[in-house]
Amino acid sequence: MTIDILICSLNKGIVKVPDVLLPASEGVRYIVSYQYTDERYLDLIPNELKERADITLYQYKGEGLSANRNLAMDKAKADLIIFADDDARFTDSSIELARSTFENNPDLDVAFFTASTYTGKSLKDYPKEERLVTEIPKDYSISAIEMVCRRSRVQSVVRFDERFGLGTKFLTCGEEDIWLTDALRLNLTMKYFPKKLVETSTMLKKSLVYIDAGVQRSRGAFEYYIHGLYAWIVCFKFAFHSATKGYCHFIPMMRHLSEGIIYMRRTERSN
């Protein structure tokens, strides 16, 4: 099975992309989607990204991780796609894991794996047993860097909502939950495997829900995407219980959750 590794980078992050790459290997290619906000960043593009035959570099002015991932996904042609940020680290075992999982599960559309820090510390408290994913997990959150997808099943039908994610100024996370929700609504066959795919230095943005206004707005917006107007009740309960446990103050939390709901009601999805 062929694999496209989709690497998204912004501005100075492009200098880290060579560290993501493995030695050239048959059937493995890299698609680098590079966003920049000023032409001066183009001078930072490492020569290796222009010289290696297994790398295709796309560059465009703009920002927003969701838009970047969508562009990279549009350019993919391989059997499998793996999402990567410019701080991701793979091994030959990562490639073998992706291939063998789909070869052994011919009906599988999306596989979810685990990630760790560079020192080997698990990125999250992952489930211990493999299982089908038929709903948004309640015991942990799924990140794009943990996903491997069968390209033909996701490329034209499941998109990252560009209102959400890093690089936006209002809904700063939550794009992966939207993606997973859409995939579930399409009845894609998805399964979690407790095996490590990647190492990363990424801090989990959603863990800041009690202190970060952008994360709180994203939470409210996502609840509206799932529940519609019932999101008001869901968010009220979340803010109330969070406040009674001493995690936050009720009024600021509820205000930011409400801002996310109102934003979703007033904006249309562009992709």
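Helices (DSSP runs of H or I, at least four residues) and strands (runs of E, at least two) are numbered here from the N terminus. The structure is a predicted model, in which local features need pLDDT of at least 70 and side-chain atom pairs count only at pLDDT 80 or more, while totals for chains, interfaces and linings use all residues. Residues are numbered from 1 along each chain as its sequence is written, and side-chain values use heavy atoms, with hydrogens and water left out.

Asn187 lies in the loop between α5 and β8 (190-199), and has a positive phi of about 60 degrees although it is not a glycine. Asn11, which belongs to the loop between β1 and β2, likewise has a positive phi, of about 50 degrees, without being a glycine. Asn187, at 65% relative accessibility, counts as exposed, whereas Asn11, at 12%, counts as buried.

The interior can be approached through its nonpolar cores, a core being a set of buried Ala, Val, Leu, Ile, Met, Phe, Trp, Tyr and Cys residues joined through side-chain atoms within 4.5 Å. In the largest nonpolar core, which has 64 residues, Ile5, Phe90 and Phe112 touch the most other members. The largest share of this core, six residues, is contributed by β2. If contact is taken as heavy atoms within 4.5 Å, then Phe90, leaving aside its neighbours within four places in sequence, is in contact with Ile5, Val20, Leu22, Ile82, Phe83, Ala84, Leu197 and Val198. A second, separate core of 13 residues includes Val209, Val215, Phe238 and Met253.

Charged side chains supply another set of links. Counting as a salt bridge any side-chain nitrogen of Lys or Arg within 4 Å of a carboxyl oxygen of Asp or Glu, the structure holds 21 salt bridges. One of them joins Arg89 to Asp19, with the closest N and O atoms 3.8 Å apart. This pair links distant parts of the chain, 70 residues apart, since Arg89 is in the loop between β4 (80-85) and α3 (92-104) and Asp19 is in the loop between β1 (3-10) and β2 (28-36). Arg89 is partly exposed, with a relative accessible area of 22%, and Asp19 is also partly exposed, at 48%.

Arg269 takes part in two of the bridges described here. With Asp161 the N to O distance is 3.6 Å, and this pair connects the loop between α4 (151-154) and α5 (175-185), where Asp161 lies, to the segment after α8 (250-266), where Arg269 lies, across 108 residues. With Asp182 the closest N and O atoms are 3.0 Å apart, and this pair links helix α5, which holds Asp182, to the segment after α8, 87 residues apart. Asp161 is buried at 0% relative accessible area and Asp182 is buried at 12%, whereas Arg269 is partly exposed at 26%. Elsewhere, Arg69, Asp85, Glu175 and Glu176 are linked in a network of salt bridges.

On the surface, Leu229, Tyr230, Trp232, Ile233 and Ile262 form a nonpolar patch with about 450 Å² of accessible area together. Of these residues, Ile262 is found in helix α8 and, at 33% relative accessibility, counts as partly exposed. Such patches are made of residues with over 30% relative accessible area and no salt bridge, like charges being joined within 9 Å and nonpolar side chains (Val, Leu, Ile, Met, Phe, Trp, Tyr) within 5 Å; the areas come from the Shrake-Rupley method with a 1.4 Å probe, and for residues only the protein chains shown count as cover.

Key: Buried means under 20% relative accessible area, exposed over 50%, partly exposed in between (1.4 Å probe, protein chains only).
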